[in-house]
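Please look over the sequence and the model below before reading the notes that follow, which are grouped by topic.

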Amino acid sequence: MPDKTAFMPKTENPRLPANRRVVSLVYDGLCTFEFGITAEVFGLDRPEAGPDWYQFKSVSLEDQFLHACGGLTIAATGTEADLHQAGTIIVPGWRGPDEPVPEQICKALVHAHEGGARIVSICGGAYVLAAAGLLDGRRATTHWRFAEDLARRYPAIEIDASCLYVDEGDILTSAGSSAGIDLCLHIVRSDFGAELTNTVARRLVMYSHRQGGQSQFIERPVPLRREADRLSSILDHILANLHHPHTISSLAHHAGMSERTFQRRFHALTGLPPLKWILRERLEQARILLETDSAEPDDIASVTGLGSAENLRLQFGRHYGVSPLTYRHRFA
């Protein structure tokens, strides 16, 4: 069963973060891609968000001029004072599992957390949070390659290597690099809601939301070009027609494959059987409508293909642990 805490926002009013200052920790040997994720999501100007968008800075607790992966030299834009004033602090990776975390970094993160900051790690950044003791007694994730080692070194942490990210409210951890994008978008969604998150995702040219409980381990062999085009076409067809009934037979026919081949290829591409994937997409669309629209449950069920308000309540409760109306009230 998916982890419901990965889906639900941790605040009663997700429309405005109390502290909009976001700091990304930078360090010698910086993981460039992971840092780039944080700068792209939180550091770019977004006029569509209005005046309440995040204020982003990078902070080094080591030297001011640092080396990063890819032969880059970087300089932090903020100071330690910015870190202690931040509402969200992100650790974008770490230079290696065997690289000790300086005591100054650990103390600074603990102090910031005690002051109310939300602490986030991407990929190997979980080693930094673990060294600071911030993950003790908590559930957390990291890249699957590091999970066993992290669990051995820090047995007080409940490591879940099967998911993309874990939201513990004031502590959030993600798996490998691309899962960091999912976690950052999850944070935006928790703070500002689905509509603005979808705008950010469109600018990133990516899917607006992958659930935290989704597996890291999707077998996704590179398909033949012709087959990839057919599978991409069928996904677009389903998303454009969620309100229509879909069967394995009709989808396989649309893709020009046998039913058995279609199911096998679809699962390899998405990590889910076709009908489970469709249900997930219908519930995701229903969730967006509950956040952004005042439509009645029967109407939402109709346009998303869930059929009736009763089925919407049943499926929504199974997947998210609350009723649709309770979920809507959290965004009122």
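The structure holds eleven aromatic pairs, where rings of Phe, Tyr and Trp (its six-membered ring) pair if their centres lie within 6.5 Å, with planes under 30 degrees apart counted as stacked, over 60 as edge-to-face and the rest as tilted. This is a predicted model, in which local features need pLDDT of at least 70 and side-chain atom pairs count only at pLDDT 80 or more, while totals for chains, interfaces and linings use all residues. Residues are numbered from 1 along each chain as its sequence is written, and side-chain values use heavy atoms, with hydrogens and water left out.

**Aromatic and charged side chains**

- The rings of Y27 and W94 have centres 4.9 Å apart and planes at 50°, so this pair is tilted.
- Y27 lies in the loop between β1 (21-26) and α1 (32-42), and W94 in the loop between β5 (88-92) and α3 (103-114), so that the pair links parts of the chain 67 residues apart; helices (H or I, at least four residues) and strands (E, at least two) are DSSP runs, numbered from the N terminus.
- Y27 is buried at 0% relative accessibility, and W94 is likewise buried at 6%, where buried means under 20% relative accessible area, exposed over 50% and partly exposed in between (1.4 Å probe, protein chains only).
- F262 and F266 form a tilted pair, with ring centres 5.5 Å apart and planes at 50°; both lie in helix α10 (residues 259-270), four residues apart, about one turn of the helix.
- F262 is buried, with a relative accessible area of 0%, and F266 is buried at 0% as well.
- One aromatic cluster is formed by F42, W53, Y54 and F192.

**Helix α12**

- In helix α12 (residues 297-304), the residues P297, I300, A301 and T304 are buried.
- Viewed down the axis of α12, its buried residues fall within an arc of 100°, so they line one face of the helix; the arc is that of the directions from the helix axis to the C-beta atoms.
- The cover over these buried residues includes α11 (274-292), α13 (309-320) and α14 (324-330).
- Just after α12, G305 takes a positive phi of about 85°.

**Confidence**

- The protein averages a pLDDT of 86, and 86% of the residues score at least 70, pLDDT being the predictor's confidence in each residue, from 0 to 100.
- Over residues 1-15 the pLDDT stays under 50.
- Residues 212-225 also have a pLDDT below 50.
- Where pLDDT is low, the predicted coordinates should not be read in detail.

How values were computed:
Contact = heavy atoms within 4.5 Å.
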